[in-house]
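I am opening this notebook to record what I looked up, one topic at a time.

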Amino acid sequence: MPGIARSAHTINDDFVAPVCDDVVVILYQDDDILLINKPSGLLSLSGKNPLNRDSVHYRLVNGQAGVTPAFPEAKLPHRLDFGTSGIMVVGLNAGSAQHLNNQFQTRAIQKRYLAMLDGWMADDQGLITAAIAKDKQHFPRVKICHTSGKAATSEYRVLQRLEQPRRSRVQFTPVTGRTHQLRIHSQAIGHPILGCDLYNNEQSEQMADRLLLHASDLYFAHPASGEPFHGHCPCPF
């Protein structure tokens, strides 16, 4: 695939997603929304490369044979990274999708994630505050940059410290929603998420066969009723 020229740098975006055999599971359904469990190793949206057509959105709109029906008006007000698993909310009509979009844009929706990090974190809880900017020389990575970056804050709480090898099971609550925020914030404090191919140390990527980051909970207002709504997706690791 030819590179895409941006500024003074040439970016080669030749990623082709491997086949994902895991299905998108519907956790909740009504007339306005779906809550789904996205498997790790599946794109949220189809890529420009025809080889990356398979995605959460493609499967929802076209249906999964023998598993889920087609939802031709389905829209994704947010997305998860390719390697991240877990809960996503889907708008089943234009009005619901717009309502959810507005909630995400105003940070009215609270998201929680579970992750397994390399090493033992010193503090039981805290805030990671480090501005994030695009890294044009190393696409698709982002970088910590306190001059050109956008403010980014992640709350964390250590749930468990494990031995052999030493690792920390952590609950994250991102205050902001920057690209790759939890992944680069974890690396920035010296405890990268296991299995991460972009933000790692000498051993962390090889310590898991997938990115050990899972979206576990969403708290939002239902777009039809306006009532508080909580969606939960159990963690597979």
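Is Glu163, at 47% relative accessibility, buried, partly exposed or exposed? I looked this up and found that Glu163 counts as partly exposed, because its relative accessibility is 47%, where buried means under 20% relative accessible area, exposed means over 50%, and partly exposed lies in between (1.4 Å probe, protein chains only).

Before going further I noted the ground rules: this is a predicted model, in which local features need pLDDT of at least 70 and side-chain atom pairs count only at pLDDT 80 or more, while totals for chains, interfaces and linings use all residues. I also noted that residues are numbered from 1 along each chain as its sequence is written, and that side-chain values use heavy atoms, with hydrogens and water left out.

**Entry: the whole chain**

I looked up the secondary structure and found 3 helices and 13 strands in the chain, these being DSSP runs numbered from the N terminus (helices H or I, at least four residues; strands E, at least two). The radius of gyration is 18 Å, close to the 18 Å that the globule rule gives for 237 residues, so the chain is as compact as a globular protein of that length; the radius is taken over C-alpha atoms, and the rule is 2.2 Å times the number of residues to the power 0.38. Along its principal axes, the C-alpha trace spans about 45 × 45 × 35 Å.

I then read that 46% of the 237 residues count as buried. Among the contacts with a separation of 6 or more, 59% are between residues 24 or more positions apart, a contact being heavy atoms within 4.5 Å.

**Entry: salt bridges**

How many salt bridges does a search of the whole structure find? I found 5, each being a side-chain nitrogen of Lys or Arg within 4 Å of a carboxyl oxygen of Asp or Glu.

Returning to Glu163, I saw that its side chain meets that of Arg166 in a salt bridge, at 3.8 Å from N to O, and that Arg166 is likewise partly exposed, with 45% relative accessibility.

I next looked at Arg59, which forms a salt bridge with Asp54, their closest N and O atoms being 2.9 Å apart. Arg59 counts as buried at 10% relative accessibility, whereas Asp54 is partly exposed at 30%.

A further pair is Asp197 and Arg183, with the closest N and O atoms 3.4 Å apart. This pair links distant parts of the chain, since Asp197 is in the loop between α3 (181-188) and β12 (213-221) and Arg183 is in helix α3, 14 residues apart. Asp197 is partly exposed, with a relative accessible area of 44%, while Arg183 is buried, with 8%. Salt bridges that share partners join Asp81, Arg183 and Asp197 into one network.

**Entry: two threonines**

Where is Thr84 placed? I found Thr84 in the loop between α1 (56-62) and β5 (85-91), and its relative accessible area of 2% is why it counts as buried. Leaving aside neighbours within four places in sequence, Thr84 is in contact with several residues, including Lys38, Tyr113, Arg210 and His214.

Thr173, by contrast in placement, lies in strand β11 (residues 167-174), and at 11% relative accessibility Thr173 counts as buried. With the neighbours within four places in sequence set aside, I listed its contacts as Gln110, Lys111, Arg112, Ser154 and Glu155.
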